[in-house]
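Subject: Structure handover

Hello,

Here is the structure for your files. My notes on it follow below.

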Amino acid sequence: MTLTPQPVRTTVTTKQPLQQAVDVSRYDIADLLLYVAALEGTGGPTATVRIITGMQLDSEDGWVVAGTFATVNTTNTAVKMRVPELLKYIRWEVSGLTGTTPAVTFLISGMLRQS
């Protein structure tokens, strides 16, 4: 399973568009890997990425945090996370981006499992 078919680069906190959410209704556990290909900026840039889960694609209402990757402060860093409780859909959210003129480029992939 891939949440980011190609690298995502952002300079602001943002969410994956609703229409790109992945249907995980057949699974209840996600083992995910966040790979930060580039972390740019001055003043010690950091990036925080989390996985959000929800039941519908019609609005932002009802989406909740399923898990947060460890904060990343270096380029070429991989962080893994297990998300044990999923609703119907998942997507990523860059919830924190610090430093002067920060930017982060990342990929998220993983495996979906049934318990």
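This is a predicted model: local features need pLDDT of at least 70, side-chain atom pairs count only at pLDDT 80 or more; totals for chains, interfaces and linings use all residues.

Residues are numbered from 1 along each chain as its sequence is written, and side-chain values use heavy atoms, with hydrogens and water left out.

Overall layout. The protein has zero helices and seven strands (DSSP runs numbered from the N terminus: helices are H or I with at least four residues, strands E with at least two). The C-alpha atoms fill a box of roughly 40 × 25 × 20 Å along the principal axes. Of the 115 residues, 43% count as buried (under 20% relative accessible area; over 50% is exposed, in between partly exposed; 1.4 Å probe, protein chains only). Among contacts with a separation of 6 or more, 82% are between residues 24 or more positions apart (contact: heavy atoms within 4.5 Å).

Cores. The largest nonpolar core has 25 residues (buried Ala, Val, Leu, Ile, Met, Phe, Trp, Tyr and Cys joined through side-chain atoms within 4.5 Å). Strands E4 (29-54), E6 (77-83) and E7 (89-113) each supply at least two of its residues, and E4 gives the most, with eight. Ile108 is one of the residues with the most contacts inside this core; among the residues that Ile108 touches are Leu34, Ile51, Phe69 and Trp92. A second, separate core of five residues includes Leu18, Ala21, Ile52 and Trp63.

Rings. There is one aromatic pair (ring centres within 6.5 Å, using the six-membered ring of Trp; planes under 30 degrees apart are stacked, over 60 edge-to-face, the rest tilted). The ring centres of Trp92 and Phe106 are 5.2 Å apart and their planes are at 85°, so this pair is edge-to-face. Trp92 is buried at 5% relative accessibility, and Phe106 is buried at 1%. Arg91 lies over the face of Trp63, 4.3 Å from the ring centre (NZ of Lys or CZ of Arg within 6 Å of the centre and within 35 degrees of the ring normal).

A loop residue. Gln16 sits in the loop between strands E2 (14-15) and E3 (22-23). At 2% relative accessibility, Gln16 is buried. Leaving aside residues up to four places away in sequence, Gln16 touches Leu3, Ile90, Arg91 and Trp92.

Regards
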